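The sequence and the model are shown below.

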Amino acid sequence: MSDPADLTIGAAGRALRSGDLSAAELTEAVLQRAAITESHLHAYLVLDQDGARAAAAAADAALARGEDRGPLHGIPVALKDNMVTRGLETTCSSQILAGYVPPYDATVVDRLRAAGAVITGKTNLDEFAMGSSTENSAYGPTRNPWDTDRVPGGSSGGAAAVVAAGSALAALGSDTGGSIRQPAALCGVVGVKPTYGLVSRYGLVAFASSLDQIGPITRNVADAADLLAVIAGYDPDDATSYRGDLPAMAGSLDAGPDGLRVGVVEELSGEGIDPEVLAGFRGAVEALAESGATIEELSLPAAGYGLSAYYLIAPAEASANLARFDGVRYGLRVDGATTEEMMARTRADGFGPEVQRRILLGTYALSAGYYDAFYGQAQKVRTLIADEFARAFERVDVLVSPTSPTTAFRLGDRTDDPLAMYLSDVCAVPANLAGIPAASVPVGLDERGLPIGFQVMAPALGEEVLFRAAAAVEALAGFRDRPALATSEVAA
Amino acid sequence: MTGWEAVIGLETHVELATRSKMFCRCPVSFGEDPNTVCCPTCLGLPGALPVPNETAIDYIIRIGLALDCTVEEHSLFHRKNYFYPDLPKNYQISQYDVPICVGGHLDIVMDGEHRRVGITRVHMEEDTGKSLHVGDSGRIHEAAGSLLDFNRSGVPLVEIVTEPDLRSPEEARTYARELQALILALGVSDARLEEGSMRFDANVSVRPAGSGDYGTRAEIKNMNSLRSLERAIAYEIDRQVKLVEGGGEVVQETRHWDEGDGRTHAMRSKEESEDYRYFQEPDLVPLHVDDAWRERVRASLPELPQARRARLEGLGIDAVAAATLVAGDGLAGMFEEAVAAGADPRAAANWLTGEVVAHLRRTDGDLAATGLEAGHLAELDAMVRDGKLSATAAKDVLAGVLAGEGSPAAVAEGRDLIQVTDTAALEAEVEAVLAANADAVSKIRDGDMKPVGFLVGQVMKATGGKADPRQVSELVRAKAAGG
Amino acid sequence: MPIDIDVAKVARLARLALDPEELERLQGQLGAILEHAARVQALPTEGVPPTSHPLPMVNAFRPDEVRPPLAREAVLSQAPDEAGGYFRVPPILEQG
Ligand SMILES: [Mg+2]
Ligand SMILES: [Zn+2]
């Protein structure tokens with residue numbers, strides 16, 4: 001059997017139940033992989049070896065008792081470090097939360113533990129999930145397992161990197177404007193942003209409350225469906241969590257592309273997209289057509305304004321969400337003669353440049369005299385975008401586009417040009433604004449051997465058809481490559 | 001301040017007496033050790049979220065309905081952004097352009113007149129923590145530092161805003177007392193000013209009497225009793241009038257009432273404090289109060305002070321007495337019981353609003369602590385009507401009852417106040433007085449009735465005031481004329 | 001063309017103590033970002049309601065029930081400064 005660290009959740013689960021593999025062995029393999037890859041990647045901020053080993057032992061004991069908690073039982077899963085973990089440092093990659101140890105667990109963490117998952121640790125991110133390269137981390141950037149001179153994408157770059165590299169079988173990321181899908185695309189793994197409200201945000205350190213959603217990052221679509229099924233569901237501690245029946249995530253996984261109505265979003269699939277990425281995307285669309293899917297080119301003009309609206313709405317919400325970091329109750333404090341001075345210094349020293357930019361942007365967009373022209377107008381454009389998607393879904397089952405305009409770029413390439421950095425999310429943000437589910441599936445490599453991501457979007461609560469389409473794309477693309485770092489020859 | 005008119009509006013914050021806080025499950029409890037009633041949500045910890053308390057919404061609808069407000073079918077929570085260390089998230093979840101209750105009124109009685117005070121809005125928000133300024137000389141900016149306790153953080157807070165309808169400190173105090181009585185009657189808060197579970201801010205401006213437009217207003221804070229509310233407003237009106245008459249200008253500012261020196265002081269204003277950057281709270285979904293919900297709450301309303309006053313007035317007592325009875329703790333209840341037990345409404349009301357209220361004020365005790373029972377008032381009234389007690393004697397008896405000397409009968413006995421109605425005994429007294437005042441008697445015989453009053457007085461004196469004056473004067477006339 | 005904003009005032013509102021050079025640098029960056037963001041103003045939106053929430057939901061409440069609060073040790077464990085069970089801060093300039 002190959003290195004257990006490279007197994008999918010499905011395969012590992014079968015091995016655990018057949019007795020060919022124990023959760024302890026699986027966890028050791030993953031920790032060993034991390035021991036090798038972390039020096040290259042810096043994908044983990046906290047690797048909780050003791051916690052993971054204890055959880056693995058408990059999982060084995062439970063299985064031995066005949067207690068099977070389901071697909072995640074005994075599976076090593078990593079958490080993006082903006083989900084709070086009781087007793088385990090949670091910093092959101094920010095100086096302002098250096099050494100912060102939360103007194104409670106996020107709801108998703110409770111659900112993972114209850115499902116028997118083995119939590120390996122906390123992964124690196126752009127500070128407070130603000131960025132698209134994981135370079136905005138106060139604790140240093142994470143590198144891309146496919147090419148360590150390049151970024152893994154962001155903000156869930158650490159989470160995507162550990163799944164690609166084998167230092168976890170799966171991870172939870174958060175997606176406010178592409179932060180799961182874009183790094184998944186750049187790291188050649190599967191990433192899913194669920195319908196807004198499907199997964200509790202309780203314990204997710206808020207970036208933009210009306211856009212944030214936690215979702216799975218995995219090695220294949222089936223794993224993503226299984227992981228999402230475990231973390232999704234109503235939470236009385238989150239007033240925005242969805243109270244209705246959950247979609248059958250894996251219900252139509254094997255239904256295939258035949259008869260699937262696919263809409264290609266022109267505004268997200270042409271101008272500004274790297275030719276190689278476009279070629280990879282078009283190739284996958286062709287394959288769908290050849291296997292019985294009907295393809296329609298659709299124009300969603302308002303979606304073209306998504307990025308502009310996003311960079312008003314998200315910063316506005318962030319400016320309030322991040323106001324609580326003031327040096328009074330927890331985290332960093334920089335002294336001052338008065339409380340006002342202490343707060344202003346603490347925030348100036350504790351927040352990195354990108355976070356400060358967004359706080360200022362959002363404060364401005366909400367301030368007297370500018371609200372209507374900026375935040376107010378963006379909220380209306382958001383309505384136009386949502387309506388446009390709703391109308392499109394009357395004609396097609398899913399909408400598709402490239403996930404990211406480019407493959408992984410070099411560290412430092414965009415750090416001096418915020419706008420260029422923001423543009424890497426141009427295809428991703430409309431789904432957040434509309435609150436609909438979207439997935440990224442790897443469909444191939446560019447000439448440099450870097451993964452290309454294919455984005456599928458479905459109607460709100462349309463996870464079943466989302467996973468069906470994603471699985472079809474995955475099967476047709478037959479993408480099996482692993483990054484050099486993950487192959488045992490290099491690893492050894 | 002003749003020639004000037006004051007324009008006053010009040011903003012009242014009321015802490016609701018729910019079991020748990022507004023957005024988290026921490027208990028609402030006072031006097032606990034600092035920071036022992038807190039959780040991730042009311043501490044503003046990273047990742048924590050608010051979930052509204054349904055009972056708090058019921059309570060605010062109660063208040064809105066009691067104030068005759070329109071309960072909006074759709075309303076929203078907003079974030080009010082400002083940095084202050086006792087505000088854990090550095091924004092307060094409140095309501096902005098779409099509050100839950102709008103456009104009501106509260107009727108009050110001023111010097112016997114019914115006055116209507118407009119209510120602009122009633123909205124839901126969350127309370128802040130408490131900051132304690134140490135090394136304190138009273139002046140906050142001289143404090144060596146501040147201590148923060150977040151037990152109060154997140155307690156449900158209802159803000160009730162009036163129109164600028166009040167015209168005098170007394171009227172403001174009357175409104176405040178009436179509102180407090182209403183809140184207590186609704187059972188949604190203990191409405192204690194001293195403990196801060198009911199807090200008033202006053203917007204005060206002055207203008208030439210009869211002028212239609214408004215002067216620049218100052219907002220007065222930190223008044224923790226009805227008395228200080230009245231004093232602070234009176235001081236502020238006086239200050240503004242003197243200022244304007246001296247050629248100065250009132251500046252729009254927040255002023256702090258100092259109970260110690262009896263003045264209001266300009267507070268160092270928050271920088272950019274006007275720009276709260278309100279926006280809809282994305283962690284919460286809109287409120288939708290349908291007819292069924294609203295009517296369910298309406299059906300649960302108790303009788304309100306206003307209605308109760310009207311009912312008491314219906315029993316034949318005046319507005320002032322009714323207002324005093326309803327405002328006082330337990331007075332209206334005892335009044336109704338006494339009347340039910342047969343007491344004359346006017347007599348019972350006079351005793352309760354007169355002797356009883358005076359006694360309570362003097363001893364500043366409460367009604368329950370006195371020896372007085374509703375039955376006593378009926379008994380007292382009966383004794384007066386049967387001529388057993390004179391009106392004056394009845395007041396003495398009541399004083400005895402209040403002092404705990406027992407029932408009216410017992411007190412009347414004990415204080416020896418029962419009127420002499422035994423005719424024989426009385427005739428003897430009358431004859432003795434007539435005998436001692438022959439010339440007065442002869443005047444009467446000659447048709448000059450002036451001395452009658454004098455003779456009656458003599459008899460009353462002789463009987464130690466226990467005789468019935470009417471009976472005495474009849475006997476005097478009869479015997480003097482008879483000869 | 002880049003939008004000119006009073007960064008110093010916005011920084012005060014946002015409680016960020018930034019020095020003149022930083023304000024200078026941010027001036028340009030924010031101006032450029034806002035210029036791109038301002039494209040939303042090109043779309044006609046008369047009569048379009050704003051969306052604050054992606055899913056149409058109302059009335060998410062909880063019953064009025066209590067849950068034991070955190071132990072004070074947990075409440076204060078992360079405090080930068082505390083005294084006698086309170087969080088402690090430097091003197092507060094502005095009155096609440
Ligand atoms: Mg208020
Ligand atoms: Zn709490």
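Ala347(B), Trp351(B) and Leu352(B) of helix H8 meet Leu377(B), Leu380(B), Asp381(B) and Val384(B) of helix H9, where contact means heavy atoms within 4.5 Å. The residues of this contact of H8(B) with H9(B) comprise six nonpolar, no polar and one charged. The structure is a predicted model, in which local features need pLDDT of at least 70 and side-chain atom pairs count only at pLDDT 80 or more, whereas totals for chains, interfaces and linings use all residues. Side-chain values use heavy atoms, with hydrogens and water left out.

H8(B) (residues 345-363) and H9(B) (residues 374-385) pack at an angle of about 120 degrees, their axes being 10 Å apart. That makes H8(B) oblique to H9(B); angles under 35 degrees count as roughly parallel, over 145 as roughly antiparallel, 65 to 115 as roughly perpendicular and the rest as oblique.

Strand E10(B) (residues 156-162) is largely enclosed by the rest of the structure, because seven of its seven residues are buried, that is, under 20% relative accessible area with a 1.4 Å probe, protein chains only. On one side lie the buried residues Pro156(B), Val158(B), Ile160(B) and Thr162(B), and on the other Leu157(B), Glu159(B) and Val161(B), likewise buried.

| Partner of E10(B) | Sense | Bridges |
|---|---|---|
| E1(B), residues 4-15 | antiparallel | five bridges |
| E7(B), residues 113-126 | antiparallel | seven bridges |

His13(B) stands opposite Glu159(B) of E10(B), and Ile119(B) stands opposite Thr162(B).

Notes
Residues numbered from 1 in each chain as written. Chains lettered and ligands numbered in written order. Buried < 20%, exposed > 50% of the residue type's maximum accessible area, 1.4 Å probe, protein only. Helix = DSSP H or I, 4+ residues; strand = E, 2+ residues; numbered from the N terminus. Pairing = 2+ DSSP bridges. Axes fitted to C-alpha atoms, helices over the stretch in contact; angles between N-to-C directions. Nonpolar A, V, L, I, M, F, W, Y, C, P; charged D, E, K, R; others polar.
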